[in-house]
Amino acid sequence: MNFAQFLLILQARKKIVLATLIATVAVTVLVSLLLPATYKGSSSVLLNTKGVDPVTGMTMPGQLMPSYVATQIDLISSKNVALRVVDQLKLAANPAVQEQFREDTGGKGTVRDWLATLLLKKLDVVPSRESSVIEINFKGADPAFVAAVANAFADEYQKLSVQLKADPMKKATGYFTEQIKGLRDQLEAAQSRLSKYQQENGIVSLDNRLDVESNRLNDLSAQLVMAQSQQMEASSRRSVASGRALDSPDVAASPLVQNLRAQLSMADTKLAEVGQRLGRNHPQYQSAKAEADQLRASLNSAVASTSNSVGNNAQILGAREAALREALAEQKTRILQINRSRDELNVLQRDVEAAQRAMDAASLRLSQTRMEGQSDQSDIALLNPAVAPVEPSSPRLLLNTVLALFMGSLLGVGFGMLAEMLDRRVRSRADLADLVQIPVLGEIHWGPARARSKLGMALMPRRVRLT
């Protein structure tokens, strides 16, 4: 079927098309006039999508998620909000409403649930496509009532959003309060162990004490090194003094030995002179010899004494070295003990610091959750409150009439095509070719008769057009 055939069918079935169109429009207009007027109250709210909490100033990533607006729509249309609206408007206390509830449900259930279900059926929540505004629509027969219900839904939605945010914070506040009690006990126990350890070990400041003991250890180490070098030198002098005393520098440097040696040299010289002049048995010779022997004995005694003093000095230096070595070992032991005490004290101090940090973190979190739990700030703002509508939202006579014209035209065309299918007629050359499945050789067009004379009509030939 081509477009020309379609137009021929519509022209042939124009009565059916027109009748269907007129009937559809008439029924639509009649129904629109008979339906009761319905009013729509609209209240719009604005969602804070900046993602920043007004109390703590922290970022709230939940508000940045695409499902945030859908969640808020579900929250507005929840039964919890509807029950709050019923309580706010005190609808359940109306005797007429209670009577209607008993008639509709036979007394089963509660009036609040029944009213909440009715309100949700007439509620329509519409989000904006490119903004964070949500429109709350409620339809009813009373303009003032629909505006009050729409505003009540917006108000209760704000309150419920605040409650849903504050209730978990209140529970968290109780949890953190209990945790802080335990953390405070742990902190006090750690501080008590630290204080007890300091009192038992007499620790005031380990750092200062360690510095003093370290300086003392360094001094002892330096003294030991010096004593060792002195002892080595003294040992060398003692070995020389004990073997060849006269060759010892210590013996040679002794003033007494030097004096005695000088006197002995003079006595030997005198003895040699007397021996040349006198005999060995002469009293002067014997006197000079006795004096020389006495000086030699004194010299040997002074040399031995000096050698012994060098040995005693070496022994003293050895004893001093041993004492310094022992003192150094004791000082090392003392420093190791101080380091061990400092390590134990550091462990106790770290326990105290860890307990203090945990206590501070819990206290900070408690303050924040307590503030959030007591906050009545909402991230939802009422943008446009609902007002009582002046004109009804439905039925719309003009819109319904335009839609009826469109639908009536479609139905008329459909009925016309149905009638044509039930009673198919040949209306064009294409219909004939489709019907008999043979080519069409000619087409006769019959025109209306004109007013002519009888002679002209008799003489006028019949027109035939071949194609």
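This is a chat about a predicted model and what its atoms show.

Me: Before we start, what are the ground rules for the numbers?
Reply: Residues are numbered from 1 along each chain as its sequence is written, and side-chain values use heavy atoms, with hydrogens and water left out. Since the model is predicted, local features need pLDDT of at least 70 and side-chain atom pairs count only at pLDDT 80 or more, while totals for chains, interfaces and linings use all residues.

Me: OK. How many helices and strands does the protein come to?
Reply: 14 helices and six strands. Those are DSSP runs numbered from the N terminus: helices are H or I with at least four residues, strands are E with at least two.

Me: And what share of the residues is buried?
Reply: 29% of the 467 residues. Buried means under 20% relative accessible area, exposed over 50%, and partly exposed in between, with a 1.4 Å probe and protein chains only.

Me: Which residues does UniProt list as "transmembrane region"?
Reply: The unreviewed UniProt entry lists 16-39 and 397-419. UniProt positions are in the numbering used here, feature names are shortened, and annotations may be inferred rather than shown by experiment.

Me: What does the model show over those two stretches?
Reply: Residues 16-39 are 79% helix and 4% strand, with the end C-alpha atoms 38 Å apart. Residues 397-419 are 100% helix and 0% strand, and there the end C-alpha atoms are 31 Å apart.

Me: Let's look at H2. How does its span agree with 1.5 Å a residue?
Reply: Helix H2 covers residues 14-34, so its 21 residues should span 30 Å, and its end C-alpha atoms are 30 Å apart, which agrees. The expected span is 1.5 Å times one less than the number of residues.

Me: How far is Ala12 from Gly416?
Reply: Their C-alpha atoms are separated by 8.7 Å, although the two are 404 residues apart along the chain. Ala12 lies in helix H1 and, at 36% relative accessibility, counts as partly exposed.

Me: Switching to strands. In what order do they sit in the open sheet?
Reply: The four strands run S2-S3-S1-S4, with antiparallel pairing. Strand S2 (123-127) and strand S4 (380-384) are the edges, each pairing on one side only. Two strands pair if DSSP finds at least two bridges between them.

Me: How many bridges join S1 and S3?
Reply: Eight, between S1 (residues 39-47) and S3 (residues 133-140). In one of the pairs, Ser43 has Ile136 in S3 as its bridge partner.

Me: What does Gln158 touch?
Reply: Not counting residues up to four places away in sequence, Gln158 touches Ser378, Ile380, Ala381 and Leu382. Gln158 sits in helix H7 (residues 143-201) and counts as buried at 18% relative accessibility.

Me: Last one: what is the phi of Lys90?
Reply: Near 55 degrees, a positive value in a residue other than glycine. Most residues other than glycine have a negative phi. Lys90 is in the loop between helix H4 (79-89) and helix H5 (95-105), and at 66% relative accessibility Lys90 counts as exposed.

Note on methods: Contact = heavy atoms within 4.5 Å.
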